[in-house]
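Dear colleague,

Please find below the structure that I am handing over to you.

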Amino acid sequence: MSNLNKDTFFKIFGSGVFNGEVPFYTTPDDVKALIALSRTFYPKTVIEIGIQRGGTAKCILDNSPWIEKYIGIDVIPSFTTTLSIQRGEVPQIAGEYVKDDPRVELIVKHNGSRDLEPSDLPEADFIFIDGDHSKKGVFLDTLLARKVIRKGGIICWHDYGNHLVPGVTEVIDTFNRNEGDHICFVEGTMICFQFCREGR
Ligand SMILES: C[S@@+](CC[C@H](N)C(=O)[O-])C[C@H]1O[C@@H](n2cnc3c(N)ncnc32)[C@H](O)[C@@H]1O
């Protein structure tokens with residue numbers, strides 16, 4: 001695993017200090033890491049897999065006026081999540097906090113990202129993976145993201161190191177073992193990121 005100390009990360013990419021409420025599903029440092037990357041790389045097209053009600057999306061959007069399109073993907077309210085621990089996360093109204101932002105497009109499918117082909121999505125500058133936290137879910141979302149990200153874009157994963165959803169850590173560790181540690185963990189957060197040399 002490539003690890004980056006949190007203080008070093010924020011020195012390199014900026015503090016990520018933001019205006020607005022701390023979202024429910026991400027810690028202040030998790031959001032700061034995402035916003036610091038946004039403020040450094042100015043993504044125009046962003047995709048979030050597992051937008052839930054849009055708490056983190058609102059924070060990113062409100063602090064990133066350069067974003068032109070933000071695509072939020074989620075499942076329908078009656079969906080039964082792969083992991084029982086995620087059952088309470090399925091939103092009644094996916095992306096409800098950001099649905100009136102004209103930059104936002106919500107894609108709500110029966111099986112969420114499982115129902116999407118790369119061709120259903122535009123080339124993205126920044127992709128945040130925070131959907132199905134099962135091993136298979138994280139694996140498939142990573143493959144999907146890697147087919148959609150542009151060369152030089154950034155993929156971020158949430159919940160690395162979260163012992164409640166160990167599949168996230170296991171899958172990222174496996175990618176890193178097989179590929180040579182291209183995914184970097186920001187210590188003290190639950191965020192991992194990769195700068196993608198390969199892409200669309
Ligand atoms: C932890 S919550 C996401 C929190 C959100 N990213 C945030 O930071 O505010 C996980 C979300 O993933 C969604 N989800 C579960 N399986 C999914 C799938 N196959 N495709 C897309 N979303 C999925 C759940 O419905 C839930 O909204």
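A nonpolar core is here a set of buried Ala, Val, Leu, Ile, Met, Phe, Trp, Tyr and Cys residues joined through side-chain atoms within 4.5 Å; buried means under 20% relative accessible area, exposed over 50%, and partly exposed in between, with a 1.4 Å probe and protein chains only. The model is predicted, with local features requiring pLDDT of at least 70, side-chain atom pairs counting only at pLDDT 80 or more, and totals for chains, interfaces and linings using all residues. Residues are numbered from 1 along each chain as its sequence is written, and side-chain values use heavy atoms, with hydrogens and water left out.

The cores

The largest nonpolar core has 31 residues, and those with the most contacts inside it are Phe-9, Leu-37, Tyr-70, Phe-126, Cys-156 and Phe-193. At least two residues each come from helix H1 (6-13), helix H2 (28-41), H3, strand E5 (124-129), E6, E7 and E8. Helices (H or I, at least four residues) and strands (E, at least two) are DSSP runs, numbered from the N terminus. H2 gives the most to this core, with six residues. Phe-9 touches Leu-4, Gly-14, Ala-33, Ala-36, Leu-37, Val-186 and Phe-193, not counting residues up to four places away in sequence; contact means heavy atoms within 4.5 Å.

Strand E8 and its partners

Strand E8 (residues 191-195) is mostly covered, with four of its five residues buried. E8 pairs in the antiparallel sense with strand E6 (residues 149-158) over five bridges, and with strand E7 (residues 184-186), also antiparallel, over two bridges. Two strands pair if DSSP finds at least two bridges between them. Ile-155 stands opposite Gln-194 in E8, while Phe-185 has Cys-192 of E8 as its bridge partner.

The hairpin of E7 and E8 has four residues between the strands, and Gly-188 there takes a positive phi near 90 degrees. Gly-188 is exposed, with a relative accessible area of 56%. Its contacts include Lys-6 and Asp-29, not counting residues up to four places away in sequence.

The largest pocket

The largest pocket has a volume of about 920 Å³. On a 1 Å grid over the protein atoms alone, a pocket is an open set of points where a 1.4 Å probe fits, with protein on both sides within 12 Å along at least five of seven lines, and lining residues have an atom within 4 Å of a point. Of the 44 lining residues, the closest to the centre are Tyr-25, Gly-50, Ile-51, Gln-52 and Asp-130. Strand E2 (45-49), helix H3 (55-62) and strand E3 (69-75) are the elements that give two or more residues to this lining, and H3 gives the most, with five. In H3, Thr-56, Ala-57, Cys-59, Ile-60 and Leu-61 are buried. The cover over the buried residues of H3 includes H2, E2, E3, strand E4 (104-109) and E5.

Two further loop residues

Tyr-42, in the loop between H2 and E2, has a positive phi near 50 degrees although not a glycine, and at 48% relative accessibility counts as partly exposed. Asp-159, in the loop between E6 and helix H5 (166-179), likewise has a positive phi, near 80 degrees, but at 7% relative accessibility counts as buried.

With kind regards

Key:
Grid points are joined across faces, edges and corners, and a volume is the space filled by probe spheres set on the points.
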